[in-house]
Each structure stands twice: as structure tokens, then as C-alpha cells.
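The sequence and the coordinates come first, and the description follows.

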Amino acid sequence: MIWSVPGPSSLRDAWALKHRDVFHLPRILRRPFEFSRRLLKVESCSITESKSLIPLAWTSLTQKLNRTRGIYLLSQRRKFSTMPELETNQRNSELFTPPSGVRGMTKLDRTAFTKTVTIPVLKVRKEVVNKLMQSLKRATLRRPGIKRVIEDPEDEDGRLIMLDPYKMFSLDSFEETELSILKQLNVNPQISKYNLELTYENFKSEEILKAVLPEGEDVTSGFSRVGHIAHLNLRDHQLPFKHLIGQVMIDKNPGITSAVNKINNIDNTYRNFQMEVLSGEENMMAKVRENNYNYEFDFSKVYWNPRLSTEHSRITELLKPGDVLFDVFAGVGPFVIPVAKKNCTVFANDLNPESHKWLLHNCKLNKVDQKVKVFNLDGKDFLQGPVREELMQQLGPLSKERKRSVHIVMNLPAKAVEFLSAFKLLLDGPPCRSELLPTVHCYSFSKDANPAEDVRQRAGAVLGVSLEACSSVHLVRNVAPSKEMLCITFQIPASILYKKQPINLENHEDPPLKRQRTDKAFSEEKIQIASKT
């Protein structure tokens, strides 16, 4: 809205002199009105009495300023314009950034994160707070450890509702439904300011780490949770801050009492890794609940990845009661236990003695120890020993009467493809029906541009057969930039699984030779046919 003030320059000067209190306010108080003043447009017209020349809007403005000394009104946009919202957004963008002095901190000092910020608030009567909060859910402030409603220091019967400074700039920031509720409850929608003290408890972990680490560097705010343990995988530029990062993870995540960092790659033999305790207790005995089953283990000595929970469920759903599962690299039992709970027969193996111990423990813990046979062998020995013996029974002559499926899970992504060679010529005797052939679920990593095709080709190369038309590849998860974890599923071809049957020459008889038809016999047959006609 553009207001026009008629009159010559002398009259304008007189009017400005009379209302100089508006333009000589401290800069912090005058700022909201400067945009309107810049928009003020002056035109010439006939001179009339000066009192009548003062616009009513400015009179109202002066009266409001006199009544609200010391209170900074953030919104009167319907009566005058405030600063553009773009400028407000720029000011607010650093509201919830910790003080700049924490940059480079390597030993956590929580007191250094204290700062005071100015936020918008809405003054209301205490008896209407409960009715208002649901309707103002969009507009209220949401910060860790900060109450959205506090007592009004100037009115014992009043309350202040904290508003989100990124959303609420002025009266126009309220939606129509919100304004309607305010009107029904007789609440003045005028927005005021409040000085709020922020402490370490009020900042999020990513905000703290972004303020501490060198500017522009990646910030670690995510981790794998294993019971009470936060498992991080820090990069080189984060290592000088590792103890601070560990403590922040503990502080900001309820239930986390220990933070560890992986300091080497997973050992391909036992699938565990060395770790460093960054902060908190050194107790690595974890208790985990996944897909409604309980697991206990020493995290420092076995392999456990909470990011595979969905994959464990996917494979479990493929099996039906009565089916058979062979888990070649079973770990502590995330495939084994849910499958055994479906009344399937399970053969589980792991080379790591610690994994074997906790696998037995978890089978008892989940009451499936009578349904699972547990082995502590190398994967190849397990396939060529217990697996071979059981397959000979499952797929033998009596298999025509059986309808259960056989599944073999090989979850060792770094090396599982190499173990596929153990299936070559594994079984003796005549091949079983094709629908009874075992189904393999083999996991692998790939950095190839076409990871699915890469896994198919590598698995097929080990088996010596093309898997293009008889396999499916499932993307499990993204492990790192340009590195995927996949699962290839296929039935082992009978030509690969079974040894070729020798031909018994002693009992071999050639079929009798047919008598060759001579030209004479052919001519006689033609004559007989002709005589009949």
C-alpha cells in the first residue's frame, strides 16, 4: 500500500517535525518501519489546514509506539509494511547455529555453546493454551529441550507460545484457519519478540558437528546402532575430532552409552573388525531386537549389520513351513532364527568360533534350538560335507513324494561367489526333478557400472554356465559411493550339481537294424497297388 501526503515541502517539513519521534527511534526499533518510509510518496496539491493533512495511518502508528515502548512489534503489515521476508530469512538462517568460537574444538566444552537469540512469540491467556496448541502446531517452535509454552514474565495469567522464526515473520504468516481459531478464542494475533537462551542441550548433533569441524568438511551425524553401541565409520578429516564426535553421539541419542569407530576393514575370515572406543563405556556385549527376535553377542568379536534387517525378512518370506535352509555363513543367526520359527529345517554354519557360540546361544534364547543343527566349519567344508549328505537324502529316489523346497543362503559378500565352485559335481546318482533343485541366494559387492550384470557374469564364470536367463539379482543396499551389495538368486543346474553317469557297456545292446527296402521290393509294391485300383 502506498500512502500519499498532499502539500508543499514546507508543510511536509512541518508534519515531519511534529512526528520526528517516529523517525528518531533507536535503529533497532525503527527498522521495521523503514520499508514503509521508503514507499512513502509525496505529491503536490492545494494547501489546506495542516491537522487534516496528517494521514490517519501515521497517527495510529504514533499512538501504538507510545503504548508499546520496549516491545518490538514484528508484525503490523496490514497497517504498514515491514522488511521484506527475504531479509528476515537471511537473518534467521544463523539463529540456531552454535557460537563461532567452537570452531576447531577437539575436547567437548558444553558451556561454550551458550548463546541468546530473539524469536517470535504469541501472547495468550493461560486458559486457552491447550485449545490453541493443536491448531498452531505448524507455527510453533520445535527445538530439542525447549518448551513451546512458557510463562509470560510480564503477566502471571499469561503465557508465551514460542513460534518458529523460519515460518512466522508477521501477521500474514498465519494461515486462514489459524487466524480463525485466534479470533474465536479472542487472541490478539500480534507477534512479539522474546530473548531465548540456547545451550548445548538445545542444539542438534549435526548442528554441533557442523560448527566444530572445519568449514566445508563432511559432517558425520549418522551411525549404525547395535544395542547400546553407536558404530561410526569416521573419515580421515574427522579423526582429530573423534572423541568429541563420539561424546556428541552419546549425548544426543537416548540409550546410546558407547561410541566406537571401525579402524580396519572387515576380516574376511571371521567377518569382524578392530574397533576403538571413542567415548563412553567399553562394554561390547550387545542386546538387539530385530524383526521381533532377540539376539545377544559380543559386538567386538562377531559380525552384525542392522542395515540388513529388511533383507533378512525378504529371504525369510520366501520359505514355507517344512522347507529346508542351509546358511553357509550364519553369523549369530539373523536368517536362521526367523526361518526356524516358521517350522523349517535349518542347517547353520559359521567358521568364527565366537559366532558359533552366540548362534547356539541365540537359538536357545528364541527357543528354536531343537529345529537348528549348528556347525563350526569352513564354508567349503560345510557345503561338501553336511550339505552334500543332506541333499543326497532330500533329492534322492524318495524325493518324488516330497514337495519342500531347499534354499542355500551365502551371505559373505566379499567372497561368497568364490564358494560357488563347491557345487560343481557335488552329488551322485540320477538328477532329481528340476523343480526340486536347490535355490541359492548368493551375496556379492560390485563397483561395476552395471552391478547386476557384473554379479551374473562372475557367478556364471565360477560355475561354468551362463546364468543370464535363469537368475534374478536383487539390490540389497548401497554400501558406499559406487559400491553396491547385491543378492543373486538361481537354481543350481542339474548339469552342474550332479556328476555325469557312466555308461554300462556290458548291458548295452544296440537296437535291431531295420531291413533295408530294395528297389525290387519297392517296384513290386507299386504294381500291387496299381492292380487293386
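Where is the place of Lys367? In this predicted model, Lys367 lies in the loop between α13 and β15 (372-375). Lys367 counts as exposed because its relative accessibility is 70%, the cut-off for exposed being over 50%.

Most residues other than glycine have a negative phi. Lys367 is not a glycine, yet its phi is positive, at about 60°. Asn343, likewise a residue other than glycine, has a positive phi near 65°. Asn343 belongs to the loop between α12 and β14.

| Residue | Phi |
|---|---|
| Asn343 | near 65° |
| Lys367 | about 60° |

**The chain as a whole**

The secondary structure consists of 17 helices and 19 strands. The chain has 533 residues, of which 44% are buried. Its accessible surface is about 29800 Å², and carbon and sulfur atoms account for 50% of that area. When contacts between residues at least 6 apart in sequence are considered, 70% of them join residues at least 24 apart.

**An open sheet and the helix across it**

An open sheet is formed by four strands in the order β7-β8-β9-β10, with mixed pairing. Its edges are β7 (224-226) and β10 (275-280), each of which pairs on one side only. From one strand to the next, the twist averages 30°. Within this sheet, β8 (residues 229-232) and β9 (residues 258-262) are parallel partners joined over four bridges. Ala230 stands opposite Ala259 of β9.

Helix α10 (residues 242-252) lies across β8, β9 and β10, and it runs at about 60° to β10. Which residues of α10 are buried? They are Leu244, Ile245, Gly246, Val248, Met249 and Ile250. The cover over these buried residues includes α9 (205-212) together with β8, β9 and β10.

Helix α9 also contains Ser205. Ser205 is buried because its relative accessible area is 10%, and the cut-off for buried is under 20%. The side chains of Ser205 and Glu206 are joined by a polar contact of 3.2 Å.

**Nonpolar cores**

The largest nonpolar core comprises 39 residues, and the members that touch the most others are Phe297, Phe299, Trp304, Val336, Val372 and Tyr443. Two or more residues each are given to this core by β11 (285-290), β12 (293-298), α12 (336-340), β14 (345-349), α13 (353-365) and β19 (483-491). The largest share, four residues, comes from α12.

What does Val336 touch, leaving aside residues up to four places away in sequence? Its contacts are Asp327, Ala330, Val346, Ala348, Leu359, Cys363 and Val372.

Notes
Residues numbered from 1 in each chain as written. Predicted model: local features only at pLDDT ≥ 70, side-chain atom pairs only at ≥ 80, totals over all residues. Heavy atoms only, no water. Buried < 20%, exposed > 50% of the residue type's maximum accessible area, 1.4 Å probe, protein only. Contact = heavy atoms within 4.5 Å. Areas by Shrake-Rupley, 256 points an atom, 1.4 Å probe, with all protein chains shown as cover. Pairing = 2+ DSSP bridges. Axes fitted to C-alpha atoms, helices over the stretch in contact; angles between N-to-C directions. Core = buried A, V, L, I, M, F, W, Y, C linked by side-chain atoms within 4.5 Å. Polar contact = N/O pair within 3.5 Å; in protein donor to acceptor, adjacent residues only side chain to side chain.
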